[in-house]
Amino acid sequence: FLESFKEEFEIGSRVISLETGKIARFANGAVVLGMEETKVLSTVAAAKGDADRDFLPLTGLASVWSHWEFSSFKVDYQEKQFAQGLIPNTFMRREGAPKERELLCGRLIDRPIRPLFPAGFYHEIQVMASVLSSDGKQDPDVLAANATSAALMLSDIPWGGPIGVVRMGRICGQFIVNPTMDELSLSDLNLVYACTRDKTLMIDVQAREITEKDLEAGLRLAHPEAVKYLEPQIRLAAKAGKQKKEYKLSMVSEQIFEKVRNLAEAPIDAVFTDPSYGKFERGEALEKIAQDVKSALEEECDEQSLKVLPKVVDTVRKKVVRKRIISEGFRLDGRHLDEVRPIYCEAGHLPILHGSALFNRGDTQVLCTVTLGAPQDAQRLDSLVGPPTKRFMLHYSFPPFCINEIGKRAGLNRREVGHGTLAEKALLAVLPPEDDFPYTVRINSEVMASDGSTSMATVCGGSMALMDAGIPLREHVAGVSVGLVTDVDPETGEITDYRILTDILGLEDHLGDMDFKIAGTRNGVTAIQLDIKPAGIPLDIICESLEPARKGRLQILDHMEQEISVPRNQDDRNSPRLVTLKFSNDAIRRFIGPLGALKRKVEEETGARISVGDGTITIAAKNQAVMEKVQDKVFIAFLILIDVRYSCSLF
């Protein structure tokens, strides 16, 4: 009755199974991927009917931009508590809005899948990945990504997969494929690598200052391991897959493109060859060109060209800029390919705060602040795997004014969560151990102006703000984004020439093929995020990009160290204070009072945080004045308690 199909294979000493046909049979594609007792269901569905859009890609120019413009692809990843045999600890006893981890896992699935949809495919696609069971040994995120690839292979949706996604760790210099959560806690590397058979699609790294040489070795080992996921998916699709449907692809005729190009190419080239333009001046000049072309088409009453004008003009822009970078080696602002924009650093920008820093790289500006709290201020996590709490948090905010736009502030934003987590991973490697520094640490990164890689600016500003707060970091951490512009043979699709760009502008990110964010210290890499737009980039080019990124990072570190090179002295009156006092448990119970009333009263009067342990009271205050005030109240309270107890015993 429920005919199912199954493929089993082994990767990194773990047996993995792909199964379809038993559950979620109405979905366009559905696969359950299992590794030991962890099982993940991934389903894919496509909207009915044809997708009619105003802005469509052009035949023959897919490698330039069309893949990343596919915006109707959505990934929802969910971890429900039943997967580990628990009832949610919420008032309604059910799961609510997506948590940060679920958003991050959804991004991890989205990033390698998105570039492989065909040019002109604008149908709405939804992926839903759900963890069915978890033994806590394996992180389900990589399993969900592979299950999604298999589900797309089974569906009738056109897609250029399959892909393989693998996690690598390293313990005592030895690389481990598909490490368990316990092994990851001992590992100095957490590498997630996604690829097709011969090209890289995505890299995500958290590391403890791993050298570029060792990182390259890990990447080259990860590729053949990830490729092992491909054949089982192909075999499963051959047995149970649907025939690919002929979806309507939205294309623009060569005639329309040539017409718009003849009108727009020369003035666009004049704008891009003038390095004196700033971000907004360049944008205004380009917008004027688009309006001039629109007016010319309106005079001719060319409705078809007007309908697709914005995207065709954008395509002309991309071709002009890419040609100039490839042929002349010069960029939009006149910089050389390996040149970093001017740096401005200012530590202690807001002196009254625990720590603060202002970081500028070109027109990109980020304000980072540090707030220190008590141990009980740590964030409680409600995930299937990983630690129950997090004492270091980095929250990234991208307000609309930073690009001179209007908008509203909403809840958790996938992009903001992703950028904040990347910077958080980069800085985590240099924080002191909890035993040496028991504070909870929160960094707020407020983007003040954006023109390329605000997440890497957040790393730089965050590192300086931490030192300004007196936190004993081992090293400064800096980050830079590396881009790529390729020249592709239209017949074979192979890259014939390419240029690697250091410290890319926002427009270069939009026009290019790769956004390779790399953060680290002078000793090595601490975090990486690679996103691409074409259907894969050769791993050799990725590895070649590591060296320009290292050189750019060292230049930025020089500027940061000139501003602040050692943690500030914590004797300042504005610095937070943390004190642990020892009393008998009986005295502590009396101090807390009925239902904690006395403790809460002291906290309300002083603004301090008081936590109680076995024979200890820990006080966290925002500065020395508050600490002295709360200590006085605590000691007076204990003296009163002792006096009352002594009087009662005499009576």
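**Note on the predicted model: backbone, burial and confidence**

1. Ser 453 is buried, with a relative accessible area of 13%, where buried means under 20%, exposed over 50% and partly exposed in between (1.4 Å probe, protein chains only). The place of Ser 453 is in the loop between strand 17 (440-449) and helix 12, helices (H or I, at least four residues) and strands (E, at least two) being DSSP runs numbered from the N terminus. Although Ser 453 is not a glycine, its phi is positive, at about 55 degrees.

2. This is a predicted model, in which local features need pLDDT of at least 70 and side-chain atom pairs count only at pLDDT 80 or more, while totals for chains, interfaces and linings use all residues. Residues are numbered from 1 along each chain as its sequence is written, and side-chain values use heavy atoms, with hydrogens and water left out.

3. Helix 12 covers residues 454-468, and its 15 residues should span 21 Å at 1.5 Å a residue, which agrees with the 20 Å between its end C-alpha atoms; the expected span is 1.5 Å times one less than the number of residues. Helix 12 is mostly covered, since 15 of its 15 residues are buried. Gly 470, which follows helix 12, has a positive phi near 85 degrees.

4. Two further backbone features deserve a look. Ala 24, in the loop between strand 2 (14-20) and strand 3 (29-35), is not a glycine and yet has a positive phi of about 55 degrees; Ala 24 is partly exposed, with a relative accessible area of 34%. Gly 161 and Pro 162 are joined by a cis peptide bond with omega of about 10 degrees, and Pro 162 has its place in the loop between helix 3 (140-154) and strand 7 (164-171). Most residues other than glycine have a negative phi, and most peptide bonds are trans.

5. Leu 350 lies in the loop between strand 11 (343-347) and strand 12 (355-361) and is partly exposed, with a relative accessible area of 31%. Together with Ile 352 and Leu 353, Leu 350 forms a nonpolar patch on the surface, with about 250 Å² of accessible area for the three together.

6. The mean pLDDT of the protein is 88, and 94% of its residues reach 70 or more; pLDDT is the predictor's confidence in each residue, from 0 to 100. Over residues 54-71 pLDDT stays under 50, and the model has 70 contacts for this stretch beyond four places in sequence, a contact being heavy atoms within 4.5 Å. For residues 643-651 the pLDDT is below 50, and this stretch has 2 contacts beyond near neighbours in sequence. Where pLDDT is low, the predicted coordinates should not be read in detail.

Key. Patches are made of residues with over 30% relative accessible area and no salt bridge: like charges are joined within 9 Å, nonpolar side chains (Val, Leu, Ile, Met, Phe, Trp, Tyr) within 5 Å. Accessible areas come from the Shrake-Rupley method with a 1.4 Å probe; for residues, only the protein chains shown count as cover. A salt bridge is a side-chain nitrogen of Lys or Arg within 4 Å of a carboxyl oxygen of Asp or Glu.
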